[in-house]
Amino acid sequence: AGFRREGLLEMARRFFQRGAAVLALIGVAQLFMAWHMPDWSDSSTAANITAPSKDEQSASLLVGFHTSRRSETTIAPSLEKEEQSASQRRAALWVDLANDTDFCSALMGNGFKEEVAYCVSRSNKSGDSSLSCKFNSVTGASVCRASNLLVDLDRVNCSHGNEEISDVEGRDEAEEMPLYSKGAFRLKCESTGQVPDALKLPYHFSPMFSAIEYAREEDDISDFIGCQMWIEIPCFIVTRYEYCNLYHTMTDWYNIYQVRHMLGLGEEEVSVIFFDGHSKGALDAGWQHVMGQGVAVSFLMALPARHTCFRHAIFVPPGYQSAIDLTSMRYPHGQCRDTAQMRD
């Protein structure tokens, strides 16, 4: 009997210890909800709240906070307004061009002001292509956009990518960076004669631009390009450097987040293609969290056809030219670490 009493006391002690831990978690949950939940004290919102039933109150107490029922017919307009307001705030943060005097917004947000067109359509037909880049003088980065772009894998030499590391142990890293031959990229538009500036289009941009082939205006896009498969949704083209390094991967994540929202594609269906042949890495799963679970992330050499065409291709700057690159974050840039874009 004494043994059983001591056993019961020990069980009770553990129960209360765990109960204290649960209460602590409940307290954290309450603080979290208080911080992130909307302000119910607003009269327009409070008027739409109905008192919870006794059953609801009992259930709510079990998780440490009260819930309230609101009429779906009365809450819909208010939620719609909140969504519109959030969308407007995000547009002001990312889509709107930064003011010349707002250094931090130019660095962390949309400071891509200087635009150069490399290829334009003279006929303005729906099937014609285009290519232009916008340059950010603060970060030194460029974002390029192409429409109706062909990628010809027969003119690209690169490892397949996404292999298990153990299967490619000892492979030279140079094999994981694409080599492009002339015609690897094809566009049906007329070159403007602009010569790509190596200072504004460094790293992988330089060999990519050297491999572009332009069609004549009289050529039919299907005959010239020979598309076997079209990707209709906007596609972000990313070339990664030092992809297993957390710091360098974070610079890529910031760049693609910045570009996506700067172009107003935050809620749009998009895809990501790595124009590299790197094997699997521990940080690969992070791309799904940054872009969203429904966003397809794939590799250049795994395109659905040898001649794949992109309706909208967006070339993301390299991580070395990120707003959160170490060079960018040194003084005076370091004062921009608490900007609205960073908090977003």
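# Exercises on a predicted model

Asn148 is buried, with a relative accessible area of 3%; buried means under 20% relative accessible area, exposed over 50%, and partly exposed in between (1.4 Å probe, protein chains only). The model is predicted: local features need pLDDT of at least 70, side-chain atom pairs count only at pLDDT 80 or more, and totals for chains, interfaces and linings use all residues. Residues are numbered from 1 along each chain as its sequence is written, and side-chain values use heavy atoms, with hydrogens and water left out.

## Exercise 1. Backbone angles

Describe the phi angles and the places of Asn148 and Tyr203.

Step 1. Most residues other than glycine have a negative phi.

Step 2. Asn148 is not a glycine, yet has a positive phi of about 50°. Its place is in strand β5; helices (H or I, at least four residues) and strands (E, at least two) are DSSP runs, numbered from the N terminus.

Step 3. Tyr203 also has a positive phi, about 55°, although it is not a glycine. Tyr203 is found in the loop between β9 (190-191) and α6. At 40% relative accessibility, Tyr203 counts as partly exposed.

## Exercise 2. Pro207

State where Pro207 lies and how far its C-alpha atom is from that of Tyr180.

Step 1. Pro207 belongs to helix α6, residues 205-210.

Step 2. With a relative accessible area of 35%, Pro207 is partly exposed.

Step 3. Pro207 and Tyr180 are 27 residues apart along the chain, and their C-alpha atoms are separated by 6.7 Å.

## Exercise 3. Aromatic pairs

Classify the ring pairs Phe185 with Phe275 and Trp253 with Trp287.

Step 1. A pair of aromatic rings is described by the distance of the centres and the angle of the planes. Rings of Phe, Tyr and Trp (its six-membered ring) pair if their centres lie within 6.5 Å; planes under 30 degrees apart count as stacked, over 60 as edge-to-face and the rest as tilted.

Step 2. A search of the whole structure finds eleven aromatic pairs. One of them, Phe185 with Phe275, is stacked, at 6.4 Å centre to centre and 15° between the planes. This pair links distant parts of the chain, 90 residues apart: Phe185 is in strand β8 (residues 185-187) and Phe275 in the loop between β13 (271-274) and α9 (286-291). Phe185 is buried at a relative accessible area of 2%, and Phe275 is buried at 0%.

Step 3. Trp253 and Trp287 form an edge-to-face pair, 6.4 Å centre to centre with 80° between the planes. Trp253 lies in helix α8 (residues 246-262) and Trp287 in helix α9, so the pair ties together parts that are 34 residues apart in sequence. Trp253 counts as buried at 17% relative accessibility, and Trp287 is buried with a relative accessible area of 2%.

Step 4. Ring pairs link Trp253, Phe274, Trp287 and Phe299 into a cluster.

## Exercise 4. Salt bridges

Step 1. A salt bridge is a side-chain nitrogen of Lys or Arg within 4 Å of a carboxyl oxygen of Asp or Glu. The whole structure holds 13 salt bridges.

Step 2. Asp152 is in strand β5 (residues 142-152) and Arg186 in strand β8, 34 residues apart. Both Asp152 and Arg186 are buried.

Step 3. Arg240 is in the loop between β12 and α8, and Asp276 in the loop between β13 and α9, 36 residues apart. Arg240 and Asp276 are both buried.

Step 4. Salt bridges that share partners join Asp152, Arg155, Arg186 and Glu213 into one network.

Step 5. Glu232 lies in the loop between β11 (229-231) and β12 (235-238) and Arg311 in strand β15 (residues 307-315), so the pair ties together parts that are 79 residues apart in sequence. Glu232 counts as partly exposed at 46% relative accessibility, and Arg311 is partly exposed at 25%.

## Exercise 5. Charges over rings

Which rings lie under Arg311 and Lys200?

Step 1. A charge sits over a ring if NZ of Lys or CZ of Arg is within 6 Å of the ring centre and within 35 degrees of the ring normal.

Step 2. Arg311 lies over the face of Trp230, at 3.8 Å from the ring centre.

Step 3. Lys200 lies over the face of Phe135, at 4.9 Å from the ring centre.
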